[in-house]
Amino acid sequence: MEYRDYYKTLGVPREATIDEVKKAYRKLARKYHPDVSKEADAETRMREVNEAYAVLSDTEKRAAYDQLGRGYQPGQEFRPPPDWDAGFEFSGPGRSGAEAADFSEFFAELFGRMGRTERGGAFRMRGEDHHAKVLLEIEDAYAGAVRQISLRVPRIDAQGRMTVDTRTLNVKIPKGIHDGQIIRLAGQGAPGMGDAKAGDLLLEVQFRPHRRYRVDGRDLHVALPVAPWEAALGAVVPVEVPDGRLQVRIPPGAQGGRVLRVRGRGIPGEPPGDLLLEIRVVLPEATTAKAKELYETMARELAFDPRRSS
């Protein structure tokens, strides 16, 4: 999709105050509103102006948009990095589907799951819920933990400029937590009116990428390196897992790519997930005379052609 420079669309600098953003929007709206404009592309331009204003006039959307960084040009091919919005605290339940449908693919990709939902009535009693995405380690799911989590909270300062505060929370991570699960922190959302209760903070959990493990639901995938003789003859080999070490039996004749399933040793839960071990046969290097001799003996004496069709 194409990158959109909302600041350029409205003609304001990145440091513009909210009042400057509103002033620029009103000026462009008078110029491009389809009911009064004589510009040939007025409808398209007005839609672009509305989209830019929807982002830059909203403190949370603007802070998240700025998080993507600078250096992109309008129309440049763009994909947001994975988890680019992790650690940002947003108010409301995070749905703006109708708004996203009216705007570009760029807007929908970034803001389709965040934003505010309007509530009716003259006032609100209970405080509004906030939500944020947090990244945890896979190991936290096995034993549970208490983790210090820092969230960035956008706001408008007294001068009308956007700023981002940081608040730090100690969060209890329950054993068996899984990707996509919500941790609810009661009373950590927006304050209520009068004596009403504050809203809650909803933390959506995602696991950080791991060099050894991959999670699919509650199943844990691990690559298992084995020597050629272990694969050919069978063996019992150790496997490191987040909660310790297992001894796993490799059946004779195991081929690379075969997956062994160890039931109940994935992410804890009711029921727990499984551990899935993908066999990867690793060949010793022929860097010594003895190693070369052994390979040459195998080549002579084993009637083996790996390219022979089965």
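**Figure 1. Phe-78 and Phe-106 are both buried in this predicted model.** A pair of aromatic rings is described by the distance of the centres and the angle of the planes. This legend and the next each take one such pair. By the ring-centre rule, the count comes to 10 aromatic pairs. Phe-78 and Phe-106 make up a tilted aromatic pair, with 5.5 Å centre to centre and 55° between the planes. The pair joins distant parts of the chain, 28 residues apart: Phe-78 sits in the loop between α4 (59-67) and β1 (89-91), and Phe-106 in helix α6 (residues 105-111).

**Figure 2. Phe-103 and Phe-107 form an edge-to-face aromatic pair.** Their ring centres are 5.0 Å apart, with an angle of 75° between the planes. Both Phe-103 and Phe-107 are buried.

**Figure 3. One aromatic cluster includes Phe-78 and Phe-106.** The cluster is formed by Tyr-3, Tyr-6, Tyr-7, Tyr-65, Phe-78 and Phe-106. Of these residues, Phe-78 and Phe-106 are the pair shown in Figure 1, where the two rings are tilted.

**Figure 4. Met-298, Leu-302 and Phe-304 form a nonpolar patch on the surface.** Together the three residues have about 350 Å² of accessible area. Met-298 lies in helix α9 (residues 289-301). Is Met-298 buried or partly exposed? Met-298 counts as partly exposed because its relative accessibility is 43%, and the partly exposed class lies between under 20% for buried and over 50% for exposed.

Notes:
Residues are numbered from 1 along each chain as its sequence is written. This is a predicted model: local features need pLDDT of at least 70, side-chain atom pairs count only at pLDDT 80 or more; totals for chains, interfaces and linings use all residues. Side-chain values use heavy atoms; hydrogens and water are left out. Rings of Phe, Tyr and Trp (its six-membered ring) pair if their centres lie within 6.5 Å; planes under 30 degrees apart count as stacked, over 60 as edge-to-face and the rest as tilted. Helices (H or I, at least four residues) and strands (E, at least two) are DSSP runs, numbered from the N terminus. Buried means under 20% relative accessible area, exposed over 50%, partly exposed in between (1.4 Å probe, protein chains only). Patches are made of residues with over 30% relative accessible area and no salt bridge: like charges are joined within 9 Å, nonpolar side chains (Val, Leu, Ile, Met, Phe, Trp, Tyr) within 5 Å. Accessible areas come from the Shrake-Rupley method with a 1.4 Å probe; for residues, only the protein chains shown count as cover. A salt bridge is a side-chain nitrogen of Lys or Arg within 4 Å of a carboxyl oxygen of Asp or Glu.
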